[in-house]
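Hi,

Here is the structure I promised to pass on.

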Amino acid sequence: MKFIRPYKIIAPVESVPADGSGYLTMTASSLAGEDATAAWVSGTYSVGTEVHLPSTHRVYKCALAGSSTVSPELDPTRWVDMRATNKWAAFDWYHNTKSTSTSDLYFEFSTGDFYIDSIAIFNPICSSVKIEVFNQSGTLIYTKDNPATRDSIDYFDYYFGLHTFINNMFDGNLPYGINYKIKVTFIASGGSSRSVGTICIGQSKSIDGNTWGGTEWGAEIIPTSRTINTVQDDGTIKVKPRGNYKIGKCTVAVPAGYMDIAVQLINSGLGTPCAWIPANYEYANELSVFGIVKDAPAKYENNGIGYISFNIEGLV
């Protein structure tokens with residue numbers, strides 16, 4: 001079991017937050033504009049009008065018609081904070097807000113003074129994802145092309161079925177160094193849409209210490225919906241659609257000598273959105289969850305081994 005955590009809380013570095021305050025710096029992007037909505041300026045607005053602020057990388061909706069002279073983030077009575085802008089949607093921790101483009105979509109980051117060895121990508125919609133790493137002199141030292149669609153299961157599916165996408169990707173082998181650059185490109189043909197829900201970049205940590213332990217068989221993933229179903233007086237049901245998320249459950253075997261370190265690693269990241277990777281191999285990608293550990297009971301056994309059981313709630 002591996003996971004990537006925010007640097008501001010503990011050692012690994014944060015994926016670029018929507019407020020632009022992270023340690024990673026976005027140095028380039030194919031998205032030249034911040035968002036399709038207009039940038040806010042002092043003026044008169046009608047209810048329902050959406051604007052964005054480049055300074056906060058957020059989109060706001062007008063809830064009170066009239067003259068607006070105070071910046072939206074400082075005027076919550078008039079403006080409702082709706083979502084991250086298109087350029088920063090992949091970094092707001094939520095899969096249902098996506099960065100999208102009708103041409104190949106890319107983001108480039110500078111690692112600054114931090115050593116970054118891992119990237120996790122959630123909900124990409126494209127044909128493939130290319131990951132590249134450049135050293136301080138700008139020389140390409142690592143490249144990997146990752147298919148983003150699954151193979152058809154039969155001829156009928158190939159000719160008439162819907163394309164299914166690989167929802168989660170993880171690469172924990174990035175070469176690292178000070179002031180390296182990491183470039184992630186989402187590739188498709190023609191005018192097909194390219195999008196991505198969440199990009200998490202940082203240092204991965206192994207719960208089992210990269211020894212003989214690891215995630216045990218029987219790991220679970222539970223697709224869950226936040227849709228609200230309310231029974232009316234006449235017996236009918238009123239459905240209020242909400243986003244979907246995943247709950248991940250697994251048990252990790254840990255050498256007894258590493259248990260204290262493992263518990264400390266987990267405890268330091270509790271309550272923090274992280275990318276959790278129980279198994280990094282083909283046909284087990286769906287076990288990965290970007291979310292928060294609700295609890296992780298640690299059992300110290302007397303036979304040289306310990307067990308930690310994870311209950312991870314994914315973000316929508």
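**The three-stranded sheet**

Let's start with an open sheet of 3 strands, in the order β14-β11-β17, with antiparallel pairing. The edges are taken by β14 (168-171) and β17 (198-202), each with a single partner strand, so one side of each has no neighbour in the sheet. From one strand to the next, the twist averages 10°. (Strands here are DSSP runs of E, at least two residues, and helices are runs of H or I, at least four residues, numbered from the N terminus; two strands count as paired if DSSP finds at least two bridges between them. Angles run from 0 to 180 degrees between N-to-C directions, with axes as lines fitted to C-alpha atoms, for helices over the stretch in contact.)

Before going further, some ground rules: this is a predicted model, so local features need pLDDT of at least 70 and side-chain atom pairs count only at pLDDT 80 or more, while totals for chains, interfaces and linings use all residues. Residues are numbered from 1 along each chain as its sequence is written, and side-chain values use heavy atoms, with hydrogens and water left out.

Back to the sheet: strand β11 (residues 118-122) and β17 run antiparallel and are joined by 5 bridges. F122 has T198 of β17 as its bridge partner, and I119 stands opposite I201 in β17.

Why is β17 largely enclosed by the rest of the structure? Because 5 of its 5 residues are buried. (Buried means under 20% relative accessible area, exposed over 50%, and partly exposed in between, with a 1.4 Å probe and protein chains only.) Both faces are covered: T198, C200 and G202 are buried on one side, and I199 and I201 on the other.

**The mixed sheet and its salt bridges**

Another open sheet has 4 strands in the order β3-β5-β6-β8, and its pairing is mixed. Here β3 (38-39) and β8 stand at the edges with a single partner strand each, so one side of each lacks a neighbour in the sheet. Strand β6 (residues 58-62) runs antiparallel to β8, with 5 bridges joining the two. One of the residue pairs to look for is V59, whose bridge partner in β8 is R83.

R83 also forms a salt bridge with E50, with the closest N and O atoms 2.8 Å apart. (A salt bridge is a side-chain nitrogen of Lys or Arg within 4 Å of a carboxyl oxygen of Asp or Glu.) That pair links distant parts of the chain, with R83 in strand β8 and E50 in strand β5 (residues 50-53), 33 residues apart. R83 is partly exposed at 27% relative accessible area, and E50 is partly exposed at 23%.

The side chains of D81 and R58 meet in a salt bridge too (3.0 Å, N to O). D81 sits in strand β8 and R58 in strand β6, 23 residues apart, so to speak linking distant parts of the chain. D81 is partly exposed, at 39% relative accessibility.

T85 is buried, with a relative accessible area of 0%. Setting aside residues up to four places away in sequence, T85 touches E34, D35, H52, H57, R58 and V59. (Contact means heavy atoms within 4.5 Å.)

**Elsewhere in the chain**

A search of the whole structure finds 9 salt bridges. Among them is E286 with R150 (3.7 Å, N to O). E286 lies in the loop between β24 (274-277) and β25 (289-295), and R150 in the loop between β13 (140-147) and α1, so this pair ties together parts that are 136 residues apart in sequence. E286 is partly exposed at 26% relative accessibility, and R150 is partly exposed at 31%. Salt bridges that share partners join R150, K246 and E286 into one network.

N311 is in strand β27 (residues 305-314) and is buried, with a relative accessible area of 19%. N311 and C250 are 61 residues apart in sequence but 7.2 Å apart in space, C-alpha to C-alpha.

Finally, F156 is in helix α1 (residues 155-160) and counts as exposed, at 58% relative accessibility.

Cheers
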